[in-house]
Amino acid sequence: MRTQRQDKIDAGPRARVRVDQSATDDESTLSADAVLNRITNTYLIGVQRCYRDHLKVDGSARGKLALRFTVNESGRAVRNHVSGMAPELHACVAARMDNWRFPAPKDGDGQPTDASFRLSLMLVPD
């Protein structure tokens, strides 16, 4: 049985968001794979919602979004930066990134540290 909320979420443009590539230059206990797994399983739906909202304004919008962020010593995504498409979409995604949480990274000595990541997303209307 469908709820009203499910019908509301399913209404409107359909959008596909997939990870194109990810990377980190930092050495810490928090790997790019662990970050990618958390984003894919938990946070990508929020990016998809931002994109669907943007498709209501520009139904043919498609392209890549470049995300850069740092996971700080407590596991919060900080210094979030989004580029590649429309400013309104950037703002929506960056606002969602402010709520992203990951396992706290540690350096080789087991001390808390920061870890920076880059992620490229491909956005395509369905």
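Q: Which residues does His-90 contact, leaving aside its neighbours within four places in sequence?
A: His-90 is in contact with Leu-65, Val-82, Ser-83, Gly-84 and Met-85. Contact means heavy atoms within 4.5 Å. This is a predicted model, in which local features need pLDDT of at least 70, side-chain atom pairs count only at pLDDT 80 or more, and totals for chains, interfaces and linings use all residues. Residues are numbered from 1 along each chain as its sequence is written, and side-chain values use heavy atoms, with hydrogens and water left out.

Q: Why does His-90 count as buried?
A: His-90 has 17% relative accessibility. Buried means under 20% relative accessible area, exposed means over 50%, and partly exposed lies in between (1.4 Å probe, protein chains only). The value is under 20%, so His-90 counts as buried.

Q: What makes Arg-14 exposed?
A: The relative accessibility of Arg-14 is 56%. That is over 50%, so the residue counts as exposed. Arg-14 still touches Arg-52, Leu-55, Pro-125 and Asp-126, not counting residues up to four places away in sequence. Arg-14 and Asp-126 are 112 residues apart in sequence, yet 5.2 Å apart in space, C-alpha to C-alpha.

Q: Why is the link between Cys-50 and Cys-92 called a disulfide?
A: A disulfide is a pair of cysteine sulfur atoms within 2.5 Å. The sulfur atoms of Cys-50 and Cys-92 are 2.0 Å apart, so the pair qualifies. The pair links distant parts of the chain, with Cys-50 in helix H2 (residues 32–57) and Cys-92 in helix H3 (residues 87–97), 42 residues apart. Helices (H or I, at least four residues) and strands (E, at least two) are DSSP runs, numbered from the N terminus.

Q: Are Cys-50 and Cys-92 buried, exposed or partly exposed?
A: Cys-50, at 3% relative accessibility, counts as buried. Cys-92 has a relative accessible area of 24%, and is therefore partly exposed.

Q: How do you know that strand E2 (residues 63–71) pairs with E3?
A: Two strands pair if DSSP finds at least two bridges between them. Here 5 bridges join E2 to E3, so they pair, and they run antiparallel. The bridge partner of Ala-66 in E3 is Ser-83.

Q: Which element has the lowest mean pLDDT and which the highest?
A: Helix H1 (residues 4–10) has the lowest, 51, and strand E3 (residues 77–83) the highest, 97. pLDDT is the predictor's confidence in each residue, from 0 to 100.
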